[in-house]
Amino acid sequence: MNEYGQKIWTSRLLLIVALGLAVIYLFPLYWMFVTSLKTGSDVFATPPALWPKVPQWSTYAEVWQSKNMARYMGNSLYIATGTMAITAILGTGCAYVLARYRNMWIDIGLFLVLMLQVLPASLMVTPLFVGFNQIGLLELPRTAVILALSAKTMPFFIILVRATFMAVPHELEEAALVDGNSRLGAFWNIVLPLARNGILVSAILIFMQAFGEFVYSKSMIQTSELQPASVGLNSFMGPNTNEWNKIMAFAMMYVMPILGIFILLQRRIVAGLTSGALK
Amino acid sequence: MRALFSSLRDGKGFDISLIAIAMVFLILFSGAPLVYNAIMSFQEVDIFNLGTFIRPWVGLDNYRSLFADPSTLPIFWNTVVFVFSSIAGQFIVGFGLALFFTLKFPGAAYLRGLFLVSWVMPGLVVGAIWNWILSGDFGILNHFLKSVGFISENIFWRSDINYSLWAVIIANIWLGTAFNMILLSVGLAAIPRDVYEAAELDGATAIQRFRTITLPMMRATIGAVVSLGLIFTLQQFDLFAAITSGGPANSSNVAQYKAWEMSFREYDFARGATISVLMIVVVMIASVIYVRSTKQEVRG
């Protein structure tokens, strides 16, 4: 066998190994899908079947109806959209200024932002709940969650978007200023359009994160009419549940939007994420 | 008035207002709660004085009674086990995968990116899936372990006090491995190829090359990945809520879950705040290490 042929075989072998690794790693997601298609009794069959005899697609419609999923998904969407909007609107300007200058104050600001990024939600929820309760914000529980969550996601957004702004050549903005644009004009017409993709990907990451949020919603939203799907899934599971096919159907429907976004934007998400966390 | 308006549009005021709006928001909803948390940990907080700001000051009593409670130290120890095992597992598996994906074959970048789907999943869904996989009588993991002969009796991952913490650790390793792998891949890609080629010409074995080139050149990346792992692991809450709820008998409870339980299950907000303060200090230290190890990159 010549060297070229050997190379082809090695790369094919590597591809097979890689596919095998991916199959093993992604098996839990497959298992969620398969379990959701089994009947209530097939779920407990030994040995467990890797594919159901007759896929029970009707479970999805049934769970959607009986668990009132439209309402849960609506609340998740509401919280995720609100969080994304506040984070993107307030965070973009801040990231721009942090990227544009280099001095002691900017360093201090960056350090503060990085510090706030790491605060665990389950530890922050105690003072947030007590404080929101005192100022009456818990009367609007979803708004309370959006505000708390935005404060949690904004530092991450600022770090990611700052990296994008750093990549926009400074000369372009200066040229716009020389041409008679105001600072606002140059920012709005030149810098922002050039950074659009990075801002969009970061905003989508925030949306996905907020769509799956649990701690704040669980602690602050008491009425089930206003709870998001994560809290709904949590109450559905209960301690001694045996409706695993239905729980997995619930989970499948819940993650569909996130999976869809991820598959569409996989490459951009991976690139955006790595640029922010390390560079 | 006009000068102010024009400064906002075209001068220093433009930058200052852009940054100030975000900073005021962060101080209001992140900084202030942080301070309030610390204050509450020195107060007596109960359901009756929850609505007022003036509460009896008790000094260090909350901290004293926290450490006098016999369940506290085991929970902190669980936190240490959880953090170290999770980070070690995520890092080792992630590094192995990252090294594998540096090999050249068609679709490598795409397949590698696919792994990250675990990281974008809602934590509660990941917890639900693993809860079911780790189920004692009907879980697929027990079935698999039995059929390959690793175990003869079912392991009750969630309800056996010897395994419950490990149930959450396994799920957390799965959750974080992909993120570790992606970040380590970025670090590996930054090492110049010719260094390896030169070493190979000099007769260095693969293991020698790994020890003398890869590891030293990855130091900054590894530091960042490990401290990020520490930060993310200390944020992990959803998996506990979805798999074991900290039980049975606190055997899988960790500080960040306990703090929440204290506030929202027992309504002992002062105790919840006290644990929070201690953990936030730990997280802050980790983040200083993280900031330092990415300092060059952060400053661009």
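## Domains first, then a helix

In this predicted model, the C-alpha centres of domain 1 of chain A and domain 2 of chain A sit 32 Å apart. The domain assignment places domain 1 of chain A at residues 3-44 and domain 2 of chain A at 62-278. The two do touch: eight residues of domain 1 of chain A are in contact with seven residues of domain 2 of chain A.

The predictor gives the complex an ipTM of 0.90 and a pTM of 0.90. For chain B, the mean pLDDT comes out at 87, with 97% of its residues reaching 70 or more.

Now zoom in on helix α4 of chain A, which runs over residues 104-117. With 14 residues, α4(A) reaches 20 Å from its first C-alpha to its last, close to the 20 Å expected at 1.5 Å a residue.

Which residues of α4(A) are buried? They are A:Val113, A:Leu116 and A:Gln117. These residues cover an arc of only 110 degrees around the axis, so they end up on the same side of α4(A). And what do the buried residues of α4(A) pack against? Their partners are α6 (141-166) of chain A together with α2 (12-40) of chain B.

Technical notes
Residues are numbered from 1 along each chain as its sequence is written. Chains are lettered from A and ligands numbered from 1 in the order in which they are written. This is a predicted model: local features need pLDDT of at least 70, side-chain atom pairs count only at pLDDT 80 or more; totals for chains, interfaces and linings use all residues. Helices (H or I, at least four residues) and strands (E, at least two) are DSSP runs, numbered from the N terminus. The expected span of a helix is 1.5 Å times one less than its number of residues. A residue is buried if 20 or more other C-beta atoms lie within 10 Å of its own, exposed if 12 or fewer, and partly exposed in between; C-beta atoms are placed from the backbone. The arc is that of the directions from the helix axis to the C-beta atoms. Domain bounds come from an automatic or database domain assignment. pLDDT is the predictor's confidence in each residue, from 0 to 100.
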